[in-house]
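Work through the exercises below with the sequence and the structure open. Try each task before reading its solution.

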Amino acid sequence: MSTEHSTDTVRLDEGHHVGDGGIPAQFANPGLPPHVHRMADESEAAAKRAERQVAGLFTLSILGTVLFLIAYFAFDTAHRTWVPGIGTVSTSNLLLGVGMGLGLLGIGLGAVHWAKTLMPDEEVVEERHAMRSSDAARGEFVEIMRGGGEKSQLFRRPLIKATLGGALGLFSLPLLVQLVGSLGPLPKNHLSLTMWNGTPDGEGGYTAYTARPRLVTDPESLPIKASDVTIGSVYHVLPEGLLPSPEAEDEHLREGLHHGFLEEKGKAAVLLMRLDPKDFQDTPGGKKAQEWGYQGIVAYSKICTHVGCPVGLYERTTHHLLCPCHQSTFDVTDDCRVIFGPAKRPLPQLKIAVDDEGYLIAAEPFHEAVGPSFWERG
Amino acid sequence: MSTTANDRPAMGLRTGDAPVSAPPSAGAKKLGGAVGWVDDRLGPAKGVNYLMKKVFPDHWSFMLGEIAMYSMIICLLTGVFLTFWFVPSAGHTVYDGSYVPLQGVGMSEAYASALNISFDIKGGLLIRQMHHWAALMFIVALSAHMLRVFFTGAFRKPRELNWIIGCLLSMLALVEGFAGYSLPDDLLSGTGLRAAEGFMQSAPVIGSYLAYAVFDGPFPGEAIIPRLYSVHVLLLPAILVGLFTAHIVMVAVQKHTQYPGPGRTNNNVVGFPVMPVYAAKAGGFFFIVFGFIALISAIVQINAIWVYGPYDPSPVTAGSQPDWYMLWADGALRLLPGWLEFSAFGYTLSLNVAIGALGLIPVVYGAMAAYPFLEAWVTGDKREHHLLDRPRNQPTRTAIGVAAIAFYLVLALAGSNDILAIKLHMSINDITYFFRAATFLLPIVAFWATRRICLSLQRADRNLVLHGRESGRIVQTAEGRFFEVHEPLDEYTRWKLVGFEGQEPLQLTAGTDAHGVASPAAGKDKLRARLSRLYFQDTVQPVTPAELEAAHHDGHAHEAIEGGSAAELEAGSSSGHH
């Protein structure tokens, strides 16, 4: 659009011309404003001062590096110092960090200050060119590529084209198959089973128990007498045989699991609570919970049905279980129904009973997979 | 040795050797010799000269990407140090280092070695903390850099590819960060991995297979630590460095964008050359970022892994939270309601997990990567842009950006809903319900409010151009009337306010061809024209010289604040101020 005033003469036979009053349609870019010199450009004293400041910052850097070296050799890692506003900290970490920090900051600040005060500050203009290559260059590119295709006879020999395409399409398969095939074992039904089903066979499966396992405390690994569980108490519980139980008669129970300890614990961990039987709700869930429990003692999987964090926060007054990761809340009085949060399913209940010595045992394994949902869990 | 007359002295010239002019000093001679030796063999002088003369524009916001770049380099440096002591193994060991509370405790070798770095290796804690702080700084800086690029429209043609690379870099940085803080195998990081395994299980159909493949069997297994380690120190850094190199090469090839201003056009770059100004400024800035990270790492503790103890799937970990950049994804998981899990025919589809854990990040980053193309489609703008937009001059884009920030912030805050509930003494249920609504409502409010604010700022700019600055000088006329003298803007200041393009929505072309047959693309065109109208709705045009002239000649009667049609000018004249 023209930014110049119109000076064309208008002929009388031309009809109506819309006038612009001699005013351009848009403002024009006024160009770079006049350069303003800095103090250091005009006064040698100011330039000298800037020089001293830059040198001072570089000297600070040298001092910082010296501080680092002294601190490295003077303090061992156990030394502690109290620093106002921070507290007791590792002397070595503090001084090494401060020394290194000053050593680096001194160089950086010095260089930037130097650039800002003494280096040229008159702006330079560089022209841009369109990113696009010229038509000639683009045409040449097409010619070269087409020529390559022609000379190699690629277009004339469909057999080569087809087989090469096939080979290129398939060559990554071996790598892919190797990786995907060998990364890990198939899950089979192992996600649906826990150590409450049987003793681990070392390959993800379980050998059924001959006698139902006892519930033992975590981490002491002591069996729990039903009569010792008072109303309002909570136990972190595992199947016996997972942790070593020094007092057990059976050799396997004495030693605990040698292999896959965390994996089993991650599926089999259970929370045991005793409620006053009248605290359970009069709902099908509440009744089932009592039936699967023993005199108000109930056991639930501790692994959240959302993404598998341990549901570890038990509110004694409301009988709510809360998962600390995403705040799913389960109501123990109603069979651990989800009353809040992102989980959908209740925590699976472990059916318990007592053996002839009065100790709590798992009457049956979990009836469903514990932990987070997956496609084939049912 | 022969001594014929044809013998040359050792320093003599052979035929064809060019005599070299004398260097200014002995040092320069030495340096020149070394550089000349390299140039004789590789000839880099031409290319290096070009780079050293290259002009970069100056603005504080251009340093955000620089901070990201330097933080990444610091991560690479400190990371190499850490690999010398870190043992990426889930093998069992009993801790016997100098941290008394954990002595005799069974743990993985990874955790034991991380403790060893923190307590027994001199300077180890400093390097570990610098690595973590630099990683946080990397993601803060690259996020801020992305916001700058978005709000100034720097992603427009010809830089769409670099925007996509930037999106990839940003997304991979999140994964890299997660892989990194999962390595020490303390209780917190193990709980994070436990959740990650749950995320994988939620994948439709293949969930359990995916989880078993990644963890080589049931969680936690012994494979995940070494696998994460090779992803964290080899695979992702290689991709990050590769993409970053492409990113920076593209900046050099396309030349840096610049803010609009006097003397700056779409066809030039106004700024300072690399040598000496940017060599000193950018080089110095690397040291500043490095020094700053060293200083924070000296005085602010981060990720005190020794407090949490070794990983165990059973203990309580109240207040479990990921690093800040994962909060939004965690927040989405906290907000998604349980009824999104469906069971039918013996199969379970756990969308309450999958949407937040598997879908959110790819979908959001996909939308970001697609944005430049969507905007160009709606505005019909296919030209090259090297001048940045002031955010207010693109009200709709700015509003979209702020709406996205609002969405992100709601999710990130939801990721701390338990901490908020404790600190604010509020019910976590109420907070969560509020955030569920806010996820959808707040972005709409933010969009609307931002758009109005941008339009108001544009009108304020017009007002300033048309009527000048209030000088504070009150003048009494002969008839006794008072008015304040307005000083007109100088042309440089004015250019900053008027030097942008006026905008028009795309017009819908006839939906039928010459024979009256409906064009197959008619529906798409209609949508496009509609979106274009919405995008440019209420658009404010820059002041034209004619408008300024009119305002000067008829300052008291004519108060054209709004650009555009004559009707608007009329309306403006009755509601303007004096």
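**Exercise 1.** At which residues of chain A does UniProt place the feature "domain: Rieske"?

Solution. The model is a predicted one. According to UniProt, in an unreviewed entry, the feature "domain: Rieske" covers residues 267-361 of chain A. Next, look at the span itself: residues 267-361 of chain A are 12% helix and 32% strand.

**Exercise 2.** Find the two domains that the domain assignment gives for chain A, and state how far apart their C-alpha centres lie.

Solution. Domain 1 of chain A runs over 40-117, and domain 2 over 193-377. Between their C-alpha centres there is a distance of 58 Å.

**Exercise 3.** Is A:Thr333 buried or exposed?

Solution. First locate the residue: A:Thr333 sits in the loop that links strand E12 (329-331) to strand E13 (337-340) of chain A. Buried means under 20% relative accessible area. A:Thr333 has 6% relative accessibility, so A:Thr333 is buried. Then list its surroundings. Beyond four places away in sequence, A:Thr333 touches residues including A:Leu275, A:Phe280 and A:His319. Its side chain also makes a polar contact of 2.7 Å with the side chain of A:Asp331.

**Exercise 4.** Describe how helix H5 (residues 124-151) and helix H14 (residues 395-414) of chain B pack.

Solution. The angle between H5(B) and H14(B) is about 155°, and their axes are 9 Å apart. Angles over 145 degrees count as roughly antiparallel. H5(B) and H14(B) are therefore roughly antiparallel. Finally, check the contacts: B:Leu147, B:Phe150 and B:Phe151 of H5(B) meet residues of H14(B), among them B:Ile400, B:Val402 and B:Ile405.

Methods: Residues are numbered from 1 along each chain as its sequence is written. Chains are lettered from A and ligands numbered from 1 in the order in which they are written. This is a predicted model: local features need pLDDT of at least 70, side-chain atom pairs count only at pLDDT 80 or more; totals for chains, interfaces and linings use all residues. Side-chain values use heavy atoms; hydrogens and water are left out. Domain bounds come from an automatic or database domain assignment. Helices (H or I, at least four residues) and strands (E, at least two) are DSSP runs, numbered from the N terminus. Buried means under 20% relative accessible area, exposed over 50%, partly exposed in between (1.4 Å probe, protein chains only). A polar contact is a pair of N or O atoms within 3.5 Å; within protein, one must be able to donate a hydrogen and the other to accept it, and residues adjacent in sequence count only if both atoms are side-chain atoms. Contact means heavy atoms within 4.5 Å. UniProt positions are given in the numbering used here, feature names are shortened, and annotations may be inferred rather than shown by experiment. Axes are lines fitted to C-alpha atoms, for helices over the stretch in contact, and angles run from 0 to 180 degrees between N-to-C directions. Angles under 35 degrees count as roughly parallel, over 145 as roughly antiparallel, 65 to 115 as roughly perpendicular and the rest as oblique.
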